[in-house]
Amino acid sequence: MNGIRIPSRLLTASNSLAAAALLGSTVFSRSRGARWMPEVEQREVDGREADLYVPPGPPAPGIVLALGALREGRRYPILESTARAIAACGFAVLVPELGRLRRLILGVDALDELVEATRYLPSLKGALDAPVGLIGFSLGGSLALLAAGDERVRERVACVAAMGSYFRLTDMLDAAVSGFTGPRGTTMTLAAPSAYAIAASLADRLAEQDRRVLFDVIDRQPESPLEALSRLDSSSVGPTGRLVLELLRTRDRKQRDSLIESVPGLAQLMATLSPERVIDSIDVPTWVMHDERDQYVPFTEFRALREAAAGRDNFTFLGIRLLEHTEPAAPNFNPRALFGDYLPGLSSLFRFVRGPIGAVRRAATRP
């Protein structure tokens, strides 16, 4: 699809065509990206670690892309391709770095920076002064949900879409330590990058010396960080470090809950960064998508969010079997998989894309 030209007036007039074009670019073009019209790309917007993609013409409605824990950050090729394709459909797209997610560390700073990006996007050249859409992937989707319910910017959010996102951080800790139940009752192990992010985010709260000890261990064995920590002599760290090590070792849920309360400030941090805290405050159109086989964030998080939002007309939930966490998987041409999983998955992905596009455009036309 690279090099295909579609008249810009069609992309900005038809939500369905825009969604199909965007879906085509992300699913079939992969990291090469498809461009239908030129966009103005700004790096390091106003000195911030953020990239802005703006289509030519009058100011465009804004969308903030919230990325997850990626060492490549906002320059991840598929993310850049997606941002360009959305801009080609007539949107000003801002892709900020959030906190220390490039180091796989999740903290309140990531949420604060997403809130700030939501505030300043409408003031940037090429962006319309109107509520913006928040689209997040993995941890970024959880942060997008948190921002949509944050009183600092709730009135500036047009809609939110979250893909492959967690609902409770305590659940993620459980999955990292004890595993989780996957499709058909199978026991699954949390993917190494997610387990690393859990360990790194906890280690980051420790005093400098203990923090260096734990990071030295997990950085030497990032493919199995909890296994590496299980071999660490507890006497090599201080009292709080020992609590964190025990938290990452015990399989007893009640004991973990007690340990969370024992680590200064940890219970409050985990609550602050869990969308469960704001679910009742999200009143904009919201789309949540999750693959049933996801090894990075368990599908049970999708179920928990859906249960918490039961009866809410502004929420749309789409469970599929198409993604490798947040990236489309290659099609399986087995007829059962093709017609039972892949094609229905593409239909759901189209709805996931089309919904926010329409919501952002509608918000831009309100007085």
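**View 1. Where helix α6 meets helix α11.** Thr170, Asp171, Leu173, Asp174, Val177 and Ser178 of α6 touch Arg253, Arg256 and Ile260 of α11, where contact means heavy atoms within 4.5 Å. Sorted by type, the residues of this contact are three nonpolar, two polar and four charged. Here Ala, Val, Leu, Ile, Met, Phe, Trp, Tyr, Cys and Pro go down as nonpolar, Asp, Glu, Lys and Arg as charged, and the others, Gly among them, as polar. This is a predicted model, in which local features need pLDDT of at least 70 and side-chain atom pairs count only at pLDDT 80 or more, while totals for chains, interfaces and linings use all residues. Residues are numbered from 1 along each chain as its sequence is written, and side-chain values use heavy atoms, with hydrogens and water left out.

**View 2. How α6 and α11 cross.** Two packed helices are described by the angle between their axes and the distance between the axes. For α6 (residues 169-178) and α11 (residues 253-262), the axes come within 11 Å and cross at roughly 125 degrees. That makes α6 oblique to α11; angles under 35 degrees count as roughly parallel, over 145 as roughly antiparallel, 65 to 115 as roughly perpendicular and the rest as oblique. Axes are lines fitted to C-alpha atoms, for helices over the stretch in contact, with angles running from 0 to 180 degrees between N-to-C directions. Helices (H or I, at least four residues) and strands (E, at least two) are DSSP runs, numbered from the N terminus.

**View 3. Asp112 and Arg152 pair up.** These two side chains form a salt bridge, 3.1 Å from N to O; the term means a side-chain nitrogen of Lys or Arg within 4 Å of a carboxyl oxygen of Asp or Glu. Asp112 sits in helix α4 (residues 108-120) and Arg152 in the loop between α5 (139-148) and β6 (157-163), so the pair ties together parts 40 residues apart in sequence. Asp112 is partly exposed at 33% relative accessibility, and Arg152 is partly exposed at 37% (buried is under 20% relative accessible area, exposed over 50%, partly exposed in between, with a 1.4 Å probe and protein chains only).

View 4. Arg212 and Glu208 join through their side chains at 3.3 Å, N to O. They are four residues apart in helix α8 (residues 208-220), so about one helical turn separates them. Glu208 is partly exposed, at 40%.

**View 5. Arg102 and Glu97.** The closest N and O atoms of this salt bridge are 3.7 Å apart. Arg102 is partly exposed at 38%, whereas Glu97 is buried at 7%.
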